[in-house]
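Please read the numbered points alongside the sequence and the coordinates.

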Amino acid sequence: EAIFRKDASTALRISKTLLSDGTNLIALLRQIRSQFQTEFQVCSLLSTGGSAQDVAQQFPYMKGQILERHLQMAQGYGMSAFKKGLLKIDEAELLAKNSMIDPDLIAERLITALTQVKT
């Protein structure tokens, strides 16, 4: 959620904590990608004229405040930012798999890019 609110300091603190607690960078990247894909789908539904009801039908677990939060995050982050963000996540995964760069640095660069992406 911190990423979608473009709250870099909170997102960086959370990612650093997860990595220092032993979370594998690839696992973290996959979780971020999954969240991005979900929010992208919500944003896509809304941008093609869909309603909150359509989103709830697509994602039955989204109800009440959870649904409202997802709607706000998707609309606030924006379609263009989601597209750019998914590409940034792919780049980070390639770096994680094919380079000797410190995982903390890869995560920091990604979080910074995702929280500063323009809509």
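1. The largest nonpolar core has 34 residues, of which Ile3, Ile32, Phe36, Val42, Val55, Tyr77 and Leu114 touch the most other members. Two or more residues come from each of helix 1, helix 2, helix 4 (64-77), helix 5 (79-98) and helix 6 (103-116). Helix 2 contributes the most to this core, with nine residues. Here a nonpolar core is a set of buried Ala, Val, Leu, Ile, Met, Phe, Trp, Tyr and Cys residues joined through side-chain atoms within 4.5 Å. Buried means under 20% relative accessible area, exposed over 50%, and partly exposed in between (1.4 Å probe, protein chains only). Helices (H or I, at least four residues) are DSSP runs, numbered from the N terminus. In soluble globular proteins, nonpolar side chains tend to be buried together.

2. As to the basis of these values, the model is predicted: local features need pLDDT of at least 70, side-chain atom pairs count only at pLDDT 80 or more, and totals for chains, interfaces and linings use all residues. Residues are numbered from 1 along each chain as its sequence is written, and side-chain values use heavy atoms, with hydrogens and water left out.

3. The count of aromatic pairs comes to eight. Rings of Phe, Tyr and Trp (its six-membered ring) pair if their centres lie within 6.5 Å; planes under 30 degrees apart count as stacked, over 60 as edge-to-face and the rest as tilted. One of the pairs is Phe4 with Phe82, which is tilted because the planes stand at 50°, with the ring centres 5.8 Å apart. This pair links distant parts of the chain, 78 residues apart: Phe4 belongs to the segment before helix 1, and Phe82 to helix 5. Phe4 and Phe82 are both buried.

4. Which residues form one aromatic cluster? The members are Phe4, Phe36, Phe40, Tyr77 and Phe82.

5. The largest pocket holds about 230 Å³ of space. On a 1 Å grid over the protein atoms alone, a pocket is an open set of points where a 1.4 Å probe fits, with protein on both sides within 12 Å along at least five of seven lines; lining residues have an atom within 4 Å of a point. The volume is the space filled by probe spheres set on the points, which are joined across faces, edges and corners. Its lining comprises 14 residues, with Glu1, Ile3, Ile14, Ile32 and Gln35 nearest the centre of the pocket. Helix 1 (8-20) and helix 2 (25-47) are the elements that give two or more residues to this lining; helix 2 gives the most, with five residues.

6. Thr10 is located in helix 1. Is this residue buried or exposed? Thr10 is buried, at a relative accessible area of 16%. Leaving aside neighbours within four places in sequence, Thr10 is in contact (heavy atoms within 4.5 Å) with Ala2 and Arg5.

7. Ile26 lies in helix 2 and counts as buried, at 18% relative accessibility. Not counting residues up to four places away in sequence, Ile26 touches Glu93, Ala96 and Lys97. The C-alpha atoms of Ile26 and Asp90 are separated by 11 Å, although these residues are 64 residues apart along the chain.

8. Lys63 is placed in the loop between helix 3 (52-58) and helix 4. At 60% relative accessibility, Lys63 counts as exposed.
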